[in-house]
Amino acid sequence: MHEVEPKTEERDLGGQGPLKELGQARAKVAQVYNERCAKALERYFDALKAAGEPLRNGSVRSASPLDLWRDASAYWLDFTQRSILFWDTLRQRGNNWIEHEKAGKPPLLAFDWEIIADARSFERPVNYALVRIVPPAGIKIDPERRPFVIIDPRAGHGPGIGGFKEASQVGVALKAGHPVYFVIFFPEPIAGQTLADVSRAEAEFLRIVGERHPKTGKPVLFGNCQGGWASMLVGAVEPDLVGPIVINGAPMSYWAGNDGENPMRYAGGLLGGLWPALLASDLGAGTFDGAYLVENFEYLNPANTYFDKYYTLFSKIDTEPERFLEFERWWGGFFLMNRQEIKWIVENLFVGNNLAAGDAEWSEGRAFDLRSIKSPIILFASLGDNITPPQQAFNWVADLYPTTEALKANGQVIVGLMHKSVGHLGIFVSGSVAKREYTHIVDLIEYIEHQPPGLYGMQIEEHATDEGLRYDVALVEMRVEDLQVLQKYSRKDEMPFEAVEKTSEALASTYETYVHPFVAPMVTPAAAGLARAFNPQRVQRWAVSDLNPFFWPLKGAADIAKANRAPRDNDGPAARMERCAAAVTSASWDLYRDLRDAAVENTFFRLYGPASIGMASRKESVSEEPIDLRNAPFVKQALSRIEDGDRTKAMVRAALLLMKAGTGRRRLSAMKRTRELVGQDIGLLDMPTDTARDIIREQSYIVDFEPVKALLALPKLLRTSADRRALLDMLDHVEGRIEANSKQVTLLGEIRRLLAEDESAGKTKPEQITLTLVERQAEERPGVGARHGSARRTGGTRRTREHP
């Protein structure tokens, strides 16, 4: 993961203790608000200064009146032509939207596809289907490679973002030779379907894919945004069907974020929680319009929503329309949810944050337990994403596993990858992200299941060569505690969200009791459909289309403008004034956004901060006695088998001992070389994935908790001279082809002496053998202090709950 700025002074709004500190908390809120407003104004004046710089250029001031007249004449002709072409492009957008609606809003995939299974015909029907991506001409699929299943977000838009163009997740996986399947969904939900039904259907899709590819590993599950947590739900419900899970820009800890950076997390509190979603569903005759979710996205960046994207089109009208229309076709495809679905999402995720806490129930008394997931998990987020900030993508790991040792004891492998700057949509549609990040994620998939349990940071390294840039992937061992570096403020600022949850429950109960019985019967499906048609998101499309007779002359005028196109001088005074005006307009929208978000945040903490302090002062501590992780079932069972095993387990143990003595940094290129050299000798590659993973997990527990005994017991696992010779040969093959440090070199010598057939080698003193291991063990010792069970971080207080 990417290194971020160190924490600034924390805002302590929860868990401070007595109510007498309320004044201090209010003063801190006011201070943060004033600082944010001052910074917003500073950024605004800097932007104004930068915008005016071209006008202060000497060439503009020195232009003659004749030059200015010529420039103005050419500019206004160009301006008129661009205006005609601009409005004609919006007309085409409207026509495309109407055509897409009439066609039933099919998936906007850049690849041919065929339906394999339609969940509308399942026993518990849902509006989902599984499709197979048909490889384009020239792409050859390797039947030995495991299939990929991609789940797109159902968050207002339709499916297709994961395969929107050739340079996409679908394209990268196909290029690597993998069969690719895509989970699509239809515009309207099936009456009565629930998200639990959706999870069961997606699990059935995975079973079908597995049956179609019985000789490969379990399917890789790719989840984008909302599809990310949907993938995690499938992994929790049916862990035996899922291979590695890759979730991209997926919000898992909805309360998390940094003050001043992630305003969307406050929306639930200021709107009163769940009840607005219930009202919107009732006004929709039991369905929730996805256009509302799209409006929430656009709310975050009003400059782009109302000006930037249109000015970009206007200023680049000769080259931009194709890209603009392609994206708008997807952005304007609004899909529906039913009342039960949006209620579960808002109640358990947006407001309740129950998924990270382990309290999100999928049936009465049964919660989704993310600890049930057996497969490795790759988390991809970006520092530039203000819809799913990195804290929301990663903090659930610390909520679920309070310590690194607890994560390892559950046998989990989690890999985090952080992009430095790309925005939320760029995570899914950026060609550069597809070529760099997704290409290496796909490359890593084949090796991640043979990693020992732990938390890893994935780093993509660039190396300049004579042939151009060469990339390599490094996995760096991390600790769960390292995730705190993502927080500029203490996670105590999540305390007010508990007050939001309580407020939401009360208001939702009141709404359901007193309002719902009157509103719901009054709205007919026809009336709801008419109201949706006049949603501003739809009106701006169909109103600027051929449905509107005022726009009928545009096509002919646009054809004339194209035939007589006279571009302006981009360096002329008029063009510079246009760019200056555009920059000022955009900066003004940004100022509005910054001041608005500061006011929203200030209001949120003033409303809910005092309540959270009061709750903290009354809350009894529920902390549990720390338990020794040695008593965890998996660990205890593994430690009882230190002296049991065969040649494969001995080789795995030796490899893990060498890794433990290493730097904690493993390069993918080294993994590939090692697999080529000794992969078949170890025997893991010929085993079922689950069996190989169990062996690696068992031996990693032994090496982590008893490294000395693990080393000394190696001869007992290698009962014959042939077995010992096989391990020594493996070490000979590996040494010199890996970047071994001094400790690893020393340990290699110790293992050789220990396994030497000469009887005198067995008399090596333990303290001589274990020196390198003891030094490593002192840095990272599993032990007392971790709890089992789900944990919610709330300013030092942890709430736990048992799961059936």
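Modeller: Let us begin with a term: helices, of at least four residues, and strands, of at least two, are DSSP runs numbered from the N terminus. The model before us is predicted. Asp197, for instance, has its place in helix H5.

Biologist: Is Asp197 buried or exposed?

Modeller: A residue counts as buried under 20% relative accessible area. Asp197 has 4% relative accessibility and is therefore buried. Leaving aside residues up to four places away in sequence, Asp197 touches Arg124, Val126 and Gly192. Asp197 and Ala119 lie 78 residues apart in sequence, with 9.9 Å between their C-alpha atoms.

Biologist: How should I read the sheet?

Modeller: In general, the strands of a sheet pair through backbone hydrogen bonds, either parallel or antiparallel. Here, 11 strands form an open sheet with mixed pairing, in the order E1-E2-E4-E3-E5-E6-E11-E12-E13-E14-E16. Strands E1 (113-118) and E16 (665-667) stand at the edges with a single partner strand each, so one side of each has no neighbour in the sheet. From one strand to the next, the twist averages 25°.

Biologist: How many bridges join E11 to E12?

Modeller: Strand E11 (residues 377-382) and strand E12 (residues 413-419) run parallel and are joined by 6 bridges. Opposite Ile377 stands Ile414 in E12. Helix H14 (residues 390-400) packs on the sheet and touches both E11 and E12, and its direction makes about 150° with that of E11.

Biologist: What should I look for in a core?

Modeller: In soluble globular proteins, nonpolar side chains tend to be buried together. The largest nonpolar core of this model has 83 residues, and Trp229 and Trp396 have the most contacts inside it. Helix H5 (residues 195-212) gives the largest share of this core, 8 residues. Apart from this core lies another of 59 residues, including Val180, Trp330, Val413 and Val433.

Biologist: Which residues does Trp229 touch?

Modeller: Not counting residues up to four places away in sequence, the residues touched by Trp229 include Leu195, Trp344, Ile345 and Leu355.

Biologist: Finally, how do I describe two helices that pack together?

Modeller: One gives the angle, the distance between axes and the residues in contact. Helix H3 (residues 65-102) packs with helix H11 (residues 321-331) at an angle of about 30°, their axes being 10 Å apart. The crossing of H3 past H11 is right-handed. Among the residues making the contact are Leu90 and Arg93 of H3, and Phe324 and Glu328 of H11. The residues of this contact divide into 4 nonpolar, 4 polar and 3 charged.

Conventions:
Residues are numbered from 1 along each chain as its sequence is written. This is a predicted model: local features need pLDDT of at least 70, side-chain atom pairs count only at pLDDT 80 or more; totals for chains, interfaces and linings use all residues. Side-chain values use heavy atoms; hydrogens and water are left out. Two strands pair if DSSP finds at least two bridges between them. Axes are lines fitted to C-alpha atoms, for helices over the stretch in contact, and angles run from 0 to 180 degrees between N-to-C directions. Contact means heavy atoms within 4.5 Å. A nonpolar core is a set of buried Ala, Val, Leu, Ile, Met, Phe, Trp, Tyr and Cys residues joined through side-chain atoms within 4.5 Å. Buried means under 20% relative accessible area, exposed over 50%, partly exposed in between (1.4 Å probe, protein chains only). A crossing is left-handed if the near helix is turned anticlockwise from the far one by less than a right angle, and right-handed if clockwise. Ala, Val, Leu, Ile, Met, Phe, Trp, Tyr, Cys and Pro count as nonpolar, Asp, Glu, Lys and Arg as charged, and the others, Gly among them, as polar.
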